[in-house]
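User: Could you walk me through the aromatic contacts in this one?

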Amino acid sequence: MTGAEAVFERYRRLISTVVAVTDVLLINLAFAIAYWMRYDLQLFATVDEAYFVPFRQFVPIAVALTLLLLGIYKLSGVYNQPRGASWFDEVYRLVTSTATGIILMVFSIVIFFRPLFYSRLVFFYAGVLIIIFLSISRLLKRVVRNYLRRRGEGVDRLLIVGAGEVGRTVMRNIVAHPSLGYQIVGFVDDDPEKGGTSIGRFEALGNTANIPQLVKRQRIDEVIVTLPWMYHRKIVSIIAQCEREKTRVRIVPDIYQMTLSHLDVEDLGGIPMIGVREFSISSSARLFKRTMDVVISLVGLILLFPLFILIGIMIRIDSPGSVLFRQIRVGKDEQLFGCFKFRSMREGAEQEKEKLLDQNEADGPIFKIRNDPRITPVGRFLRRSSLDELPQLINVLMGHMSLVGPRPAPPAEVQRYQPWHKRRLEVAPGMTGMWQVSGRSELTFDEMVLLDLYYIENWSPALDLQILIRTIPEVLVGAGAY
């Protein structure tokens, strides 16, 4: 085990110990409340005085249940969740493990004590409360951990070896899941063009010969190798270099240079088998997505019609010109369409753009100015609140856009795309997307594209629903919108 791995393992064990101690307190608190609900409140069923049991006789049972649950939690992996596991994964394991422990405890009571001596409702209440309390504690732990990681604390500094398709896949997964706790310091690649061209804020750090110096100078905690399979000797050499520097190293196999989303890993009696699957969205899934787009956009247009009228009046009072602004954007398969928005700039703003190019604050082909002088007072409010994008519900209803998808881009921007950027045009653009709930205008263009590609490769109805739900607080806070 390397030095970095030893530190990480000690840190993980410390956190697990703190969580376990908290669980002990919460389990016993839940049991005490369960006793109070059953014997004092007498919820759902009264207690005959002949069967009343004082709490002190429940104390040994509570201790036994605590020890039993801790053991089951340990065996089922509750205290050893894989990195990147979701809160729902944790709650699922808590539910199954707690239910197992409660059932075993009730059977033990029936076998070793008089069946009617201890009310089994106490254990039912306790089980429900334990699941609720421990689930909330996990949620709070995640909130605190994610807050610290956003501040750069408790994160692992990561170096990626290889900037090909697999390397970018690793990058977009890390960008899409900041809860993984990785900070990408940069990447290396022996291709001079790739090794010398940064991807957004991910810095190009030269070729693989620089790895030993980079690990020391940049204080790298982990190296992820994403080189093609034919570079076997170089991969072995990189592993040896990292081990000498006591740095963790992980390998993402680029099998025959195929995209990771096309690989399917199965187990044959302990033997891993890698197969190939075609990435595609089924016709039923496409129908579901389109149905959801039509229903929500239609209902939204009907319910929001009074708001549309109010916003239109505000725009006309604020500045002369039309209420709606129609701009040509590039949709699925590079098809052009007219994208509707509430006008947030003064008339003739497009003609003034050339004079402001030197003030562009965005990287890549995007044009963005935080304090754009062309924006009207009402327009600034509309942009901060994202209300200017509500007319895009018309585009969704017409089929030009979807509720969720990549950001719709103007033709001038698409003309400056690199080849890998154009993959974001494989699906219909959306009113919101991974970029919207992951930083919006604070993201670099390459990071935005990485998130779009992650969405395309991992699309599901559940992911769409998750993004729509996460969009609500982002819009209310208005972070990164200008």
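User: Which residues form one aromatic cluster?

Analyst: Phe31, Tyr35, Phe58 and Phe123 form that cluster. Rings of Phe, Tyr and Trp (its six-membered ring) pair if their centres lie within 6.5 Å, and planes under 30 degrees apart count as stacked, over 60 as edge-to-face and the rest as tilted. The model is predicted, so local features need pLDDT of at least 70 and side-chain atom pairs count only at pLDDT 80 or more, while totals for chains, interfaces and linings use all residues. Residues are numbered from 1 along each chain as its sequence is written, and side-chain values use heavy atoms, with hydrogens and water left out.

User: How many aromatic pairs does that rule give?

Analyst: The count comes to eight aromatic pairs. One of them joins phenylalanine 308 and phenylalanine 342 in an edge-to-face arrangement, 5.3 Å centre to centre with 70° between the planes.

User: And where do phenylalanine 308 and phenylalanine 342 sit in the chain?

Analyst: Phenylalanine 308 is in helix α10 (residues 305-318) and phenylalanine 342 in strand β9 (residues 336-342), so this pair links distant parts of the chain, 34 residues apart. Helices (H or I, at least four residues) and strands (E, at least two) are DSSP runs, numbered from the N terminus.

User: Buried or exposed, phenylalanine 342?

Analyst: Phenylalanine 342 is buried at 3% relative accessibility, where buried means under 20% relative accessible area (1.4 Å probe, protein chains only). Phenylalanine 308 is buried too, at 15%.

User: What is the geometry between tyrosine 417 and phenylalanine 445?

Analyst: That pair is tilted, 5.5 Å centre to centre with 40° between the planes.

Definitions and conventions:
Buried means under 20% relative accessible area, exposed over 50%, partly exposed in between (1.4 Å probe, protein chains only).
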